[in-house]
Amino acid sequence: MNKWFKSGAPWIWMTAGAVSMSLVAVIGLLLLIASRGLVYFWPSPVYELTVEQFGERGTIIGERYDRELVPTERLTAQGIDIPEEQGDFVERFLFKTGNREFVPLDFRWILETDIVESVQPKNIVVVERLTNGNFYGYVEALVRDGETIPLAADPEHDKLYELLARSRGLYDQSERLLKRDIGGVNYQLERLRLRERKWEMNDNLTDVRVAELEERREQLHADYLVLEEELFDLRRQAGRDQLIIRDMRGESVTIGFDKVVDVFFPNEMHLGQKIAHWFHQLSKFIVDDPREANTEGGVFPAIFGTVFMVMLMAVIVTPLGVVAAIYLHEYAGNNAATRMIRIAVINLAGVPSIVYGVFGLGFFVYMLGGSIDALFYPESLPSPTFGSPGVLWSALTLAILTLPVVIVSTEEGLSRIPSAVRQGSLALGATKFETLWRIVIPMASPAIMTGLILAVARAAGEVAPLMLVGVVKLAPTLPLDGNFPYFHLERKFMHLGFHIYDVGFQSPNVEAARPLVYATAFLLVTVIIGLNLAAISIRNRLREKFKTLDQ
Amino acid sequence: MTQSVSFKSSGQRLLMDKLARYGVSAGGVLVLIALLLIFFYLLWVVAPVFYGASVKHKQSIPLVDNHATVMIGVEEQNEIAYRFNMGGELRFFDLTEEQRFFPAHQLPIRVTAADRTVPSRGMAAYADSFGRVYVMAPKFKVTYPNDQRLITPTVEYPFGEEGVMVDPEGKGIRQLAFEAGEGEMAVAVITTDGRALLTRLEGEVNMFTDEVEWSSDNAVIPGLPAFVDQMLITPDLRRLFVRSGNRLSTYDISSIGRIRLMSVDSINYQDANVTDVALLTGASSLIVANDNGKITQWFEVAKDGKRQFTQIREFDAESSVNEIAVEYFRKGFAVATDDGYMELFHTTGGSRLLKEKVDEGNTYTLAFSPRANGLIAQTGNSLEFYKVSNEHPEVTWSALWQKVWYEGYPEPQFVWQSTSASDEFEPKLSLVPISFGTVKAAFYAMLFAVPIALAGAVYTAYFMSAPLRKIVKPTVEIMEALPTVILGFLAGLWLAPLIEDNLPGVIATMILLPTGFIAAAYGWSKMPKAIRQSVPEGWDVMLLIPVVLFLGWFSFAISPTLELWMFGGDARLFITNELGISFDQRNSLVVGLAMGFAVIPTIYSIAEDAVFSVPKHLSNGSLALGATPWQTLTKVVLLTASPGIFSAVMMGLGRAVGETMIVLMATGNTPVMDWSIFQGMRTLSANIAVEMPESEVGSSHYRVLFLAAFVLFVFTFVFNTVAEFVRQRLREKYSSL
């Protein structure tokens, strides 16, 4: 044994253990996020429990959310009687009971010892609602335009789904009307106001112009009234039908179909249906808008905001990074100054991202944005246009943040190109620029691509600087819409990473929001790891290619 | 592939080439300058906090009357000055180019005594010989005719034009102290027959008529000294200070029925006499001027369960003080000395910001403008107006980095507390607690990350088989790309409760894993040779993965049992109750683990490169001479690679110091100074993220946050530069080997 220790073998094993730990941690973490995130969309069974607590019997309907072991001692200390034969620990379950507006708590811990009976009745329904979260219960009847259809008349729920589809269709129409058409009218009105203000400030608000503005305004107002009528009509129609459900208190509750997002019977589903439902929920998560202070619904605006900002950033960072790299590698002399600059550029990649955020807020938002406002948008002051955080400033800030990544990667690509290729081109009479443009840059393009992908991956995951320069928890409008000039770079936007922070830490009901945060995290991780893997594979291919060139 | 080739005239091509050369050079240089800009921009924003103050004479207005001054002041825009004199007259003076004339407002009484409120309340009170007190206040109406700002001064009588009877016996008033707030006032008077009376007037708006109904109460102030030099009432109308020579009596006047002498203190500086006392804004501090030029700050400090007047700090004006003027909202004050100097001080900053000789002669009365950007002074027979530039008096090097005795604190402390609801709040901008938090977070993260990352790097580079390395290295490196917001979220919402519930399990893991590795290794070495040789060299990692999984699971499985056995069922309760250590759910342990996890790939990747690029002939030579692989590693490889490993640790440290989201989400963000692993912290970066969006542009708070960012920038930049430099040197060394 002593000899074994002396040989150093145990220490080698210890180092091996460190690698194993790291591997387990990485893979475990990814699996944790994946499993928690993906389970969110799975229709979990709904239980009906008969519970006896403090001598009273009650019924609880809900999904099982979590379980844990509690020492019996701790419970008895709290004054809860536990039968002797339970041993040292008692299992405790967390049930999501929903029906938020009727019961004080929509999550409840229940001790295993309190459960008298636990069943999974087939006909329990889960109703996803626009407000107040899920509703659990038994469908008693449907009301179609005042006419009650008893449950027996609809064994396959065909009529239920039909009514749901109708009301959802109407709801979507009304939302589109509200956002696109009425939003458009409001946008036009605001622009008119600003134009008037501008003319007024320049002292050229003539009577003709006033009349013109008035006329436009009247017309928009008339348009608005028509649209409003239409909207109310759609909403009225959507609210025509109702659903009558018996909840766990045994009372019948009427829910209008216009408040319902989805209805499903998880305990009736077979595996195929469950998988279909899983995909359905996943797609809803991706394309829907968030509801209830972001704790329910989808994350579409966050996905859109992230992608839009990152694309904008890519457009800014690529030319800048490539030009800087070409300058450093091809034009600047290989002297001490260049070496220093190179080290400085590499180090900028290690500067904390929050520092870039502070710089972006001070320089871009307040200084540049403030000047732009004073020069070009004096009519809307004091409310800022570009002088407040927005998507353009976020993209610029992240462009500076990721600039070193692109520069380093491009330079690496440039230095991998064998000098024989360059010299060959020059020897054939091409100028330096022609060599660069025709030979070097095309050959370095995979490296540029790698740098860009890495930059995009880093930008997509950064949150800290964005908190200062443009991200918000709920943006009323997207930075891209149907109103001229279509791109609204001054607008604030939503971001997946910030969504995670905000919903996980700032929302009033963290327990309810947690699965959604895992799902969002999974989405973000998938995108970023995908991008990184792409970058790695491009880089490897590139290396292989030049290896053959060298020989 | 066909491509049409055109031979343009070579002149055009050369021009293109030249253009490209200049274009690219200009572009490249511009980008690099832009990167430099970050440094200089941060510096540019930070710099004003360290600028000194300056005072510039603007205007002089001759005075015509011979009355003494009760109060002078300036309105908010520094356009109109006003002066109350002892004759009961309020006069306004235009400070702009226009030189507008304003009529005087005269009280129709013979004034026997007068006093003023603190500057921010801006009222003066006059007493007559019939026991009445009259209150006047300047009011400024702002209108915008033709889009031009026009300020019109008027006078207001907030407590009625007829005055308030403060002596029921109607005797003359010899001495007066006055203070008023919104709808209430307090007056302390000494009558000609030597009685000391306190009157309190409160107004209540009648719900039906909207008229104010006044109710007043009188009481006798007990035990007043025979000679009273000064009487001061605090703006909250709860304390009355009476100075008689060097002794200060403090009365509790918060309830008119129970006026109580609280304490009598000597407040003079050693071997000197008090010349003047003033209330600092917020009114919990007194500024005491002595005839030897020493100025001291006093406030009540809770000591041994009693509140005691204590001298907090001293300033030196170097000459006897004529007048103390306090700022409206900040804790600054100005003094005029009898040798003709004007001096600016700030209590939190603890420093003299300016001492300047003014040419306009000795100043007798001095007052700040509301925004503290102007000073109005009365010399012999004129009013002098000075522009003051003193943006950030509270931020000084000592206030940022040394202990400061803040108002209401029992002793000097490091405190970060930047905002509060009150205007008169004393901002506490010590960078020490948050820098401490940064160091603490980085320390725990490195404690966890360095051993694992370096051990892992050494194994991967030196012992692992090449095909496995190709998979393992990118896998670990992909961790680096993981958004830290996800790590932070997992740390805060998953890991923190997990650790809280399974504390014994976590500790067990830390002990069991290393011992488990050795046990497993020993067991493996005792296995029959056939089995041992079935696993190729450098694949030991795969053998240990089940060990890690099993031990991890086992530790958590026995955690409740351990908890029951060692901590009586509840480890958290045990720590707080038995050990007396406070326990936060989101604590340094959580941050250390989560941030360590984020730092591991950085260190691992660079250290692995360093070890891997040690020339093979060195290690082969050592092995050939009979050293064991472990000896070769420690004596040859690690020594050669040590600069690279150093730079890896540096890079990791740089990342840990600047990390924002993890600390933001995995700690409670309280700026406490405590090394305890069970408590949280607030770091520089998290502090910026939390407070920056709410900070007012250009304020001291804003600039101090920029300073925090600048500190982070410089810190990480220096660390990374050192690391990078070492790494490049190392690379050159290897290439020569």
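**Contact between the chains.** I looked up where chain B meets chain A in this predicted model: 85 residues of chain B are in contact with 78 residues of chain A, contact being defined as C-beta atoms, placed from the backbone, within 7 Å. Helix 1 (residues 10-46) of chain B gives the largest share of chain B's side, 18 residues; helices here are DSSP runs (H or I, at least four residues), numbered from the N terminus. I then sorted that side of chain B by class and found 60 nonpolar, 18 polar and seven charged residues. Ala, Val, Leu, Ile, Met, Phe, Trp, Tyr, Cys and Pro count as nonpolar, Asp, Glu, Lys and Arg as charged, and the others, Gly among them, as polar.

**Conventions.** I noted that residues are numbered from 1 along each chain as its sequence is written, and chains are lettered from A in the order in which they are written. Local features need pLDDT of at least 70 and side-chain atom pairs count only at pLDDT 80 or more, whereas totals for chains, interfaces and linings use all residues.

**Nonpolar cores.** I next looked up the largest nonpolar core, which has 219 residues. Such a core joins buried Ala, Val, Leu, Ile, Met, Phe, Trp, Tyr and Cys residues through C-beta atoms within 7 Å, where buried requires 20 or more other C-beta atoms within 10 Å of the residue's own. Helix 3 (residues 432-463) of chain B supplies its largest share, 19 residues. Ala594(B), Ile603(B) and Ala709(B) have the most contacts inside this core. Beyond four places in sequence, Ile603(B) touches residues including Ala449(B), Leu454(B) and Met651(B). A second, separate core of 98 residues includes Ala124(B) and Tyr386(B).

Definitions and conventions. A residue is buried if 20 or more other C-beta atoms lie within 10 Å of its own, exposed if 12 or fewer, and partly exposed in between; C-beta atoms are placed from the backbone. Helices (H or I, at least four residues) and strands (E, at least two) are DSSP runs, numbered from the N terminus. Two residues are in contact if their C-beta atoms, placed from the backbone, lie within 7 Å.
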